[in-house]
Amino acid sequence: MSSKRDVILWLDDKMISCDPLEGMPVKQVIKLGRLRGFTRKEIKSARKALGVLSIEYDGEWYWRYPFEH
């Protein structure tokens with residue numbers, strides 16, 4: 001199990017590096033996080049801690065920061 005801080009820092013880096021309007025597909029975020037050794041639950045908990053939005057676009061779910069971030 002990873003530290004919560006590590007997961008939050010990793011997810012913050014991913015959200016900053018992606019397109020601010022489009023975000024990043026949730027499936028891709030989860031897959032990349034699992035490759036780093038993070039659990040699905042840890043990644044979703046980090047999303048809530050960072051205030052990352054979950055939006056649907058063309059039948060696929062994306063995560064992105066709110067525009068005022």
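**Sheet**
- Three strands form an open sheet in the order β1-β3-β2, with antiparallel pairing (strands are DSSP E runs of at least two residues and helices H or I runs of at least four, numbered from the N terminus; two strands pair if DSSP finds at least two bridges between them).
- β1 (24-25) and β2 are the edge strands, each pairing on one side only.
- β2 and β3 run antiparallel and are joined by five bridges; I55 stands opposite Y62 in β3.

**Basis of the model**
- The model is predicted: local features need pLDDT of at least 70 and side-chain atom pairs count only at pLDDT 80 or more, whereas totals for chains, interfaces and linings use all residues.
- Residues are numbered from 1 along each chain as its sequence is written, and side-chain values use heavy atoms, with hydrogens and water left out.

**Helix α3**
- Within α3 (residues 40-50), E42, I43, A46 and R47 are buried (under 20% relative accessible area; exposed is over 50%, partly exposed in between, with a 1.4 Å probe and protein chains only).
- Viewed down the axis of α3, its buried residues fall within an arc of 145°, so they line one face of the helix (the arc is that of the directions from the helix axis to the C-beta atoms).
- K41 and K48, on the other side of α3, are exposed.
- The cover over the buried residues of α3 includes α1 (4-17), α2 (26-35), β2 (53-57) and β3 (60-64).
- G51 follows α3 and has a positive phi, near 75°.

**Nonpolar core**
- The largest nonpolar core has 15 residues, and L11, M15, V29, I43 and W63 have the most contacts inside it (such a core is a set of buried Ala, Val, Leu, Ile, Met, Phe, Trp, Tyr and Cys residues joined through side-chain atoms within 4.5 Å).
- α1, α2 and α3 are the elements that give two or more residues to this core, and α1 supplies the largest share, four residues.
- Beyond its neighbours within four places in sequence, I43 is in contact with residues including V7, L11, V29 and W63 (contact means heavy atoms within 4.5 Å).
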